[in-house]
Amino acid sequence: MSIISVKNLEKRYGNNLILQNVNADIEKGEVISIIGPSGTGKSTFLRAINFLDPPTGGEVFFDGVKINKKNMDAARRRMGMVFQSFGLFSHLDVINNLIAGPVKLLKMPKKEAKEKAAELLKTVGLSERAHFFPRQLSGGQKQRVAIARCLAMSPEVILFDEPTSALDPTMVSEVMAVMRSLAKSGMTMIVVTHEMDFARDVSSRVFYMDECGIYEQGSPQTIFTSPGKPKTQAFIFNIRSYNYEIASPDFDYAEMLGGVENFCFRNAIGKKTANKLILLAEELVINIVTPKYGACSLSLNFSEKLGTYELSVSYRGEKSDALETAKDELSVTMARKSAKEIRHDYSEGRNTITAVL
Ligand code: ADP
């Protein structure tokens with residue numbers, strides 16, 4: 001029997017239909033990643049599953065029992081939830097945040113709750129922070145406390161609502177590390193996430209949400225490498241590409257490089273390759289093409305089939321190979337050194353320099 005069964009779920013806000021006819025069966029030990037464009041009802045779906053925001057139609061079964069308004073508190077206790085905004089009690093220190101639920105709701109003796117809390121803090125790497133208040137912790141630490149607090153209630157399922165979206169990129173990995181080890185321990189997890197490497201590497205199934213429901217679902221392998229439906233294909237393709245238009249030599253180069261870095265981050269590209277892509281963007285756009293040709297566009301793509309990254313810079317005008325024009329410059333040597341292959345193509349008034357990595 002599935003731990004969670006969703007049947008014909010519907011959710012409206014007033015006249016606004018957000019979810020319709022959603023069906024899903026989630027088995028014990030599964031890790032489901034929910035991905036999709038924003039506003040497609042991913043968070044709403046999570047909140048409907050645990051009746052935090054009850055559905056307006058259809059049914060949710062938890063461990064075979066239909067959830068209703070009467071039994072929803074009991075069901076919710078067995079389904080933990082971790083929010084984007086942590087939701088810690090600001091007036092309580094870490095250890096008291098962890099024992100509040102077990103003592104009040106599960107009537108666990110305080111001593112036992114404290115022992116369990118200390119154990120959990122160890123597993124999330126925060127033993128030394130037991131007596132800190134939330135305001136004294138970084139975002140990543142707060143989220144790890146929130147996960148430990150959720151675990152303190154011994155949930156059978158944990159729902160994560162974009163747990164790393166409010167964090168600085170430097171803190172994302174410490175939270176993901178805790179989530180990965182939870183997944184490994186066999187915890188049933190449903191995770192709304194933008195972390196595609198987590199969705200790809202950790203989940204047993206991926207739900208892509210669009211058009212008021214689960215538009216497509218499948219193994220991470222299928223969803224990320226050969227999605228079957230047009231909107232999923234477009235979404236996955238989008239993750240795999242980055243485009244930036246440069247209007248003049250005075251363009252915002254920091255924004256462009258930030259975009260390249262973000263692309264590397266989204267695609268979980270290793271440091272060495274990421275550094276090469278950043279260097280290529282710098283040399284090709286900033287030092288080679290823009291000073292001579294002005295406006296150009298940068299495009300970054302990943303080819304799943306070839307397993308290669310392509311960074312190309314294109315500019316309009318007569319046929320003119322920027323690599324040749326600037327061939328004595330150090331920038332060209334650096335660019336050539338960083339890429340496996342680098343070439344110039346010309347077609348219909350557009351020059352393109354492509355570097356393959
Ligand atoms: P996602 O998580 O995919 O970004 P959400 O579930 O947050 O999407 O939101 C889906 C839609 O439901 C959005 O159009 C949003 O404005 C609407 N919505 C979400 N929560 C509420 C609410 N409490 N009241 C009214 N509309 C809401």
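A polar contact is a pair of N or O atoms within 3.5 Å. The views below show a predicted model.

View 1. A backbone N or O atom of threonine 40 is 3.0 Å from an oxygen atom of the ligand. For glycine 39, a polar backbone atom lies 2.7 Å from a ligand oxygen atom. Threonine 44 takes part through its side chain, with an N or O atom 2.5 Å from an oxygen atom of the ligand. On its own the ligand has 560 Å² of accessible area, and the protein covers 59% of this.

**View 2. The shell of residues around the ligand.** The shell consists of Tyr13, Ile18, Pro37, Ser38, Gly39, Thr40, Gly41, Lys42, Ser43, Thr44 and Arg47. Of these residues, 6 are polar, 3 nonpolar and 2 charged. Helix H1 (residues 42-49) supplies the largest share of the shell, 4 residues.

**View 3. An open sheet of 5 strands.** The strands pair in the antiparallel sense and follow the order S11-S12-S13-S15-S14.

**View 4. The pairing of strands S13 and S15.** Strand S13 (residues 308-316) and strand S15 (residues 350-356) are joined by 7 bridges in an antiparallel pairing. Opposite serine 312 stands threonine 354 of S15.

**View 5. Helix H10 on the sheet strands.** Helix H10 (residues 253-266) lies across S11, strand S12 (296-303) and S13. The helix runs at about 175° to S11.

Terms used:
Residues numbered from 1 in each chain as written. Predicted model: local features only at pLDDT ≥ 70, side-chain atom pairs only at ≥ 80, totals over all residues. Heavy atoms only, no water. Near = heavy atom within 4 Å. Polar contact = N/O pair within 3.5 Å; in protein donor to acceptor, adjacent residues only side chain to side chain. Areas by Shrake-Rupley, 256 points an atom, 1.4 Å probe, with all protein chains shown as cover. Helix = DSSP H or I, 4+ residues; strand = E, 2+ residues; numbered from the N terminus. Nonpolar A, V, L, I, M, F, W, Y, C, P; charged D, E, K, R; others polar. Pairing = 2+ DSSP bridges. Contact = heavy atoms within 4.5 Å. Axes fitted to C-alpha atoms, helices over the stretch in contact; angles between N-to-C directions.
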